Amino acid sequence: MPLPLCTLSGQAHHCLRALKSVKKDCLPPLHIARWASTSPVPRITTHYTIHSRNKDKRWEGVNMERFAEEADVVIVGAGPAGLSAAIRLKQLANEYGKEVRVCLVEKAAQIGAHTLSGACLEPRALEELLPDWKEREAPLQTPVTEDKFGILTKNSRIPVPILPGLPMTNHGNYIVRLGHFVNWLGEQAEALGVEVYPGYAAAEVLFHEDGSVKGIATNDVGIQKDGAPKANFERGLELHAKVTFFAEGCHGHLAKQLYNRYNLREKCQPQSYGIGLKELWLIDEKKWKPGRVEHTVGWPLDRHTYGGSFLYHLNEGEPLVALGFVVGLDYQNPYLNPFKEFQRWKHHPSVVPTLEGGKRIAYGARALNEGGFQSIPKLTFPGGVLIGCSPGFMNVPKIKGTHTAMKSGMLASEAVFSQLTNENLQSKTIGLDVPEYEENLKKSWVWKELYSVRNIRPSCHGVLGVYGGMIYTGIFYWILRGMEPWTLKHPGLDSDQLKPAKDCTPIEYPKPDGKISFDLLSSVALSGTNHEHDQPPHLTLKDDSVPVNKNLAIYDGPEQRFCPAGVYEYVPLETGEGLRLQINAQNCVHCKTCDIKDPSQNINWVVPEGGGGPAYNGM
């Protein structure tokens, strides 16, 4: 049973501050832990989501009561969608003279610290949300001045013209550091009265007895690595709301539960994903072309592996470039290593001259939605809505999802506000159901935009691969603008696409030179990643025996290659016979790739203690 509700704003802040102070007291320095076990199947997972505390004698007598707070709306995730939703709600409340309490929780220690994107921003939604964004000094300092696109072979670059009207056209867009943009949005939200709580990870969805969403609970703190309570253990805080917005970003761990509980994916195709890796470099000023946007496809990937690169020249007072590589997670060869493909790409003759003599200053990685229109689930359910990259509104051929994510949050807020202030409303459930949000989204430019490009990504699955997709785009999209009377399908879950290792050729990658290309651990060090080391690993396994018995035996342990942070390692058993999986959870950059690509679907990513993870500075 929760303790009595703290109904006053001052008391609310006191509850949250008290929890925050506990968390700050248990943050020792980062180090990589190593499990030692002589049992036949080494114990890997100790998290309470797998091993119930109700059956653990170490938890007997521990106070498990939680404080609870009441709000009108709770938003999970302070990305572009969540913050745009919060801002729009408060704008409407101020416009109509209504009191609407909006609480927003974010697992990163600072707003924007977990945000990573290319990013080339289309300002359409921003213009609608905050028309005076220039006067408010939004960090959009680099308008695109030049667009370049090319196909790479091993030793050359074939330029491809970007015709007006094609998705890759970036006229009118801005190169941004999305973390800085999100931080600025957070300031706008707080100025309007949104209660923003960074460092609080939403760990659990709460439900009313009638089945509708009641709100969320933040993560517990003060748990040992072996799953036992520490002396300073504290339960998380419950946040109850009439409507909860789930804006977790790509492959949200709460959204996964909601998909199953409400069967939200019944009428859509499986979501498809990519892994995006990014670096920031300071380069020689003579090579710096502020406003230039470059994209490539081709080498080092084969035609059947979807992916490509970006290289953006920022204009922020110093010769800074953002560069990155995206690999579709529907790839088939278990020996493929996205991080090493990225490092190899930087040595291409058309890329390396830009970087020579420069210095790499940041690194990060994040999964991104690539399913598009076909993979959008049902967006509303009693007590909640899905917004942003959580359900997946990315325009894949544009390589842009920020503007659509923002607009989805704004549309959700407009629909929710209408119900919150409807004095004649009679809801069938305690948690409000707002189907108007999805109805309005389908009437908006977001739906039209995603529908028009729906066939481009799946067209890459033909015999010509990525090049077939380019031909399809040139013929059907450029001429028909997406009005062809058919909708292509994706091949299925990304986790089902790997072939057994015996059927594939190992890939030999060159060693990093330490100047242009780098090893994985030195890269992760640039991400600022840190977690409290003495906590149960948040990369949980449903069955600790599966990694060795299936993933290693059949696929040669692909998790040790598709993870862009060195979280998963196969190391010798202490007996000297065989291997065991070691999870270095402290390295995790929260990209969610493992949860997506694991061929056994045995890995379940859950939130660590709030505040842990990468510390991206404007990625």
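Biologist: Two strands count as paired if DSSP finds at least two bridges between them. With that settled, how many bridges link β22 and β23?

Modeller: Five bridges, with strand β22 (residues 568–572) and β23 pairing in the antiparallel sense. Keep in mind that this is a predicted model.

Biologist: Noted! And which residue is the bridge partner of E569 in β23?

Modeller: That is Q582.

Biologist: What about the hairpin of β22 and β23, how many residues lie between the strands?

Modeller: Six residues, and among them G576 takes a positive phi near 90 degrees.

Biologist: How many of the five residues of β23 are buried?

Modeller: Four of the five residues of β23 (residues 579–583) are buried, so the strand is largely enclosed by the rest of the structure.

Biologist: Let's switch to helices. At what angle do α2 and α4 pack?

Modeller: Helix α2 (residues 80–96) and helix α4 (residues 178–191) pack at about 20 degrees, and their axes are 9 Å apart. That angle makes α2 roughly parallel to α4, since anything under 35 degrees counts as roughly parallel.

Biologist: Is the crossing of α2 and α4 left-handed or right-handed?

Modeller: The crossing is left-handed.

Biologist: Which residues in α2 and α4 meet?

Modeller: From α2 we have P80, L83, S84 and I87, and they meet L178, V182, L185, G186, Q188 and A189 in α4. By class, that contact has seven nonpolar residues, three polar ones and no charged ones.

Biologist: Does R88 count as buried or exposed?

Modeller: Buried: R88 has 18% relative accessibility, and the cut-off for buried is under 20%.

Biologist: And M64, where is its place?

Modeller: M64 sits in the loop between α1 (9–24) and β1 (68–76). With a relative accessible area of 31%, M64 is partly exposed.

Biologist: What does M64 touch, not counting residues up to four places away in sequence?

Modeller: M64 touches R53, W59, F233 and R235. M64 and R235 are 171 residues apart along the chain, yet their C-alpha atoms are separated by 6.3 Å.

Biologist: Nice. On to the sheets: what is the order of the seven strands in the open sheet with mixed pairing?

Modeller: The order is β6-β5-β15-β16-β17-β14-β18. The edge strands are β6 (157–159) and β18 (359–369), each pairing on one side only. From one strand to the next, the twist averages 20 degrees.

Biologist: How many bridges join β14 to β17?

Modeller: Nine bridges join β14 (residues 273–282) to β17 (residues 320–328), and the two strands run antiparallel. Within that pair, E279 stands opposite L323 in β17.

Biologist: Which strands does helix α6 lie across?

Modeller: Helix α6 (residues 338–345) lies across β5 (146–152), β14, β15 (292–298), β16 (307–313), β17 and β18. It runs at about 135 degrees to β17.

Biologist: One more: what is the order of the three strands in the other open sheet?

Modeller: It goes β3-β7-β4, with antiparallel pairing. The edges are β3 (120–121) and β4 (142–143). Between β4 and β7 (residues 174–175) there are two bridges, and P143 stands opposite Y174 in β7.

Key. Residues are numbered from 1 along each chain as its sequence is written. This is a predicted model: local features need pLDDT of at least 70, side-chain atom pairs count only at pLDDT 80 or more; totals for chains, interfaces and linings use all residues. Side-chain values use heavy atoms; hydrogens and water are left out. Axes are lines fitted to C-alpha atoms, for helices over the stretch in contact, and angles run from 0 to 180 degrees between N-to-C directions. Angles under 35 degrees count as roughly parallel, over 145 as roughly antiparallel, 65 to 115 as roughly perpendicular and the rest as oblique. A crossing is left-handed if the near helix is turned anticlockwise from the far one by less than a right angle, and right-handed if clockwise. Contact means heavy atoms within 4.5 Å. Ala, Val, Leu, Ile, Met, Phe, Trp, Tyr, Cys and Pro count as nonpolar, Asp, Glu, Lys and Arg as charged, and the others, Gly among them, as polar. Buried means under 20% relative accessible area, exposed over 50%, partly exposed in between (1.4 Å probe, protein chains only).
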